[in-house]
Amino acid sequence: MLRRPEYRRALVFCALIGIPVSLVAFWFLVLLHELENLIWTDWPHDLGWTDPPWWWPVPLALVSGVVVALAVLRLPGRGGPVPAAGLHSGETSKAPVPGVVFAALASLPLGAVLGPEAPLIALGGGLALVFRDLVRAPATEASTVLLGAAGAAAAIAAIFGSPLVAAVMLMEVAGVGGPQLFAVMLPALLSSGIGAIVFTGFGHWTGLKTGSLNIGLPTPPLLDAGDVLWSALMAVVIGATVHGVMVGGRIAGRFVTERPLCNTVLCALAAAGCAALYAVITGRSPSEVSLSGQAALAQLAGNPHAWSVGSLLAVLAFKGVAYALCLGSLRGGPTFPSLFLGGAVGVLLAPLPGLGVVAGMAAGMAASCAAALRLPVSTVVLVVLMVGNSETVPVIVLAAVVSFVTTELLPQGPGIPAFRPRVGRARRECTG
């Protein structure tokens, strides 16, 4: 294939379009970040509050629900895929890009319990086709698929900060290799994770000495039997629980398709109500339930002792319900809320004999993300990069595989019916 001139030209073109797509994705993320800081930090401070008051998410959710519903009803592409359907590349097209951006801006900074990765996939793929048409490159079916995948990878690398995560995720999202991919990768992933214990060390046994790329950074304690055992048990429970949340998201998605305008607003307000109740009960910021959880996850990892057992239980319960509601109604991606939920479970269970915070958070994040995304290899790569050490790789692999298998063996629940807008629907549905 590399000897074919057209393929070499396609590689060069993909490299070139990666530059503008990455820049657009970067500034899109900057805009989301600045809007989030403005709405959830600057405005409350300007009004005299240290944290947003308990009722803060409610008016934001009202605006978000109305705007997202109008994007679904009026704009091409219905604002992007429903998050409860999971990450997928779908049919790459440039027509949905404005609606995707519009719905994401109306969802993510205003408190949706979702992340930006799904809009970035659609944005990157669509922009790649826009640049192709600007330079009048041949528009063939093969070039559309290739450029769409390249643009999506360039965009999603901006949020995860790694081209490796983007490439692996796009490979799994696009279904390269079909069912055989998981049939081969799961045993290989599991056996390599278990085998890694032999070389990285287990308990007081230091393992076999082999060549290493380690440059001498400090490492956490070696794994022991408690880490491995609790990680596997956690993965089963977390996998089943997050699977239930995803099924709840699909149920919310079916509810929304019946009356998109009113039911989208109702789901958004219900998610905001979860954040408000959490703030009233715990006295903490409602932003810990609202938003993606990316910033809260960093705070949790940096100072886990600042969270009491009660606050951890409350954030798990309320954020889990809000996550399910947003999965079916607003627009964004499922990755970061699942990572936060898994990390919170890991901190909550860290006092178990032989577990610890580092291994607990690593295993919890891997199990939760694998259950939400159904992308076990991408999950392992992502969590390993986030944790930042090689010592926890075996428990990350073990938790991701066990959680993935658990979710695949459970009943999958209802699908989300295709939405077919009708003329005048938005005006009539709320008046009966």
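Arg 78 lies in the loop between H2 and helix H3 (97-107), where helices are DSSP runs of H or I with at least four residues, numbered from the N terminus. The model is predicted, with local features needing pLDDT of at least 70 and side-chain atom pairs counting only at pLDDT 80 or more, while totals for chains, interfaces and linings use all residues. Residues are numbered from 1 along each chain as its sequence is written, and side-chain values use heavy atoms, with hydrogens and water left out.

Most residues other than glycine have a negative phi. Arg 78, although it is not a glycine, has a positive phi of about 55°, and Arg 374, also a residue other than glycine, has a positive phi near 60°. Arg 78 counts as partly exposed because its relative accessibility is 39%, given that buried means under 20% relative accessible area, exposed means over 50%, and partly exposed lies in between (1.4 Å probe, protein chains only).

## Salt bridges

How many salt bridges does a search of the whole structure find? The search finds two, a salt bridge being a side-chain nitrogen of Lys or Arg within 4 Å of a carboxyl oxygen of Asp or Glu. In one of them, Glu 408 is joined to Arg 374, and the closest N and O atoms are 2.9 Å apart. This pair links distant parts of the chain, with Glu 408 in helix H15 (residues 393-409) and Arg 374 in the loop between helix H13 (357-373) and helix H14 (376-387), 34 residues apart. Glu 408 counts as partly exposed because its relative accessibility is 41%.

The side chains of Glu 288 and Arg 284 also meet in a salt bridge (2.9 Å, N to O). Glu 288 is buried, at 9% relative accessibility, whereas Arg 284 is partly exposed, at 23%.

## Charges over rings

The charged end of Arg 284 also sits over the ring of Trp 307, 4.2 Å from its centre; for such an arrangement, NZ of Lys or CZ of Arg must be within 6 Å of the ring centre and within 35 degrees of the ring normal. Lys 319 likewise lies over the face of Phe 340, at 5.3 Å from the ring centre.

## A tryptophan cluster and a nonpolar patch

Trp 49 lies in the loop between helix H1 (5-46) and helix H2 (57-74). The structure holds five aromatic pairs, in which rings of Phe, Tyr and Trp (its six-membered ring) have centres within 6.5 Å, with planes under 30 degrees apart counted as stacked, over 60 as edge-to-face and the rest as tilted. One of these pairs joins Trp 49 and Trp 55 edge-to-face, with 5.8 Å from centre to centre and 80° between the planes. Trp 49 and Trp 56 form an edge-to-face pair as well, at 6.2 Å centre to centre and 70° between the planes, and Trp 49, Trp 55 and Trp 56 form one aromatic cluster.

A nonpolar surface patch of about 740 Å² is made by Leu 47, Trp 49, Trp 54, Trp 55, Leu 277, Val 280 and Ile 281. Patches are made of residues with over 30% relative accessible area and no salt bridge, like charges being joined within 9 Å and nonpolar side chains (Val, Leu, Ile, Met, Phe, Trp, Tyr) within 5 Å, and accessible areas come from the Shrake-Rupley method with a 1.4 Å probe, for which only the protein chains shown count as cover for residues.

Notes
Helix = DSSP H or I, 4+ residues; strand = E, 2+ residues; numbered from the N terminus.
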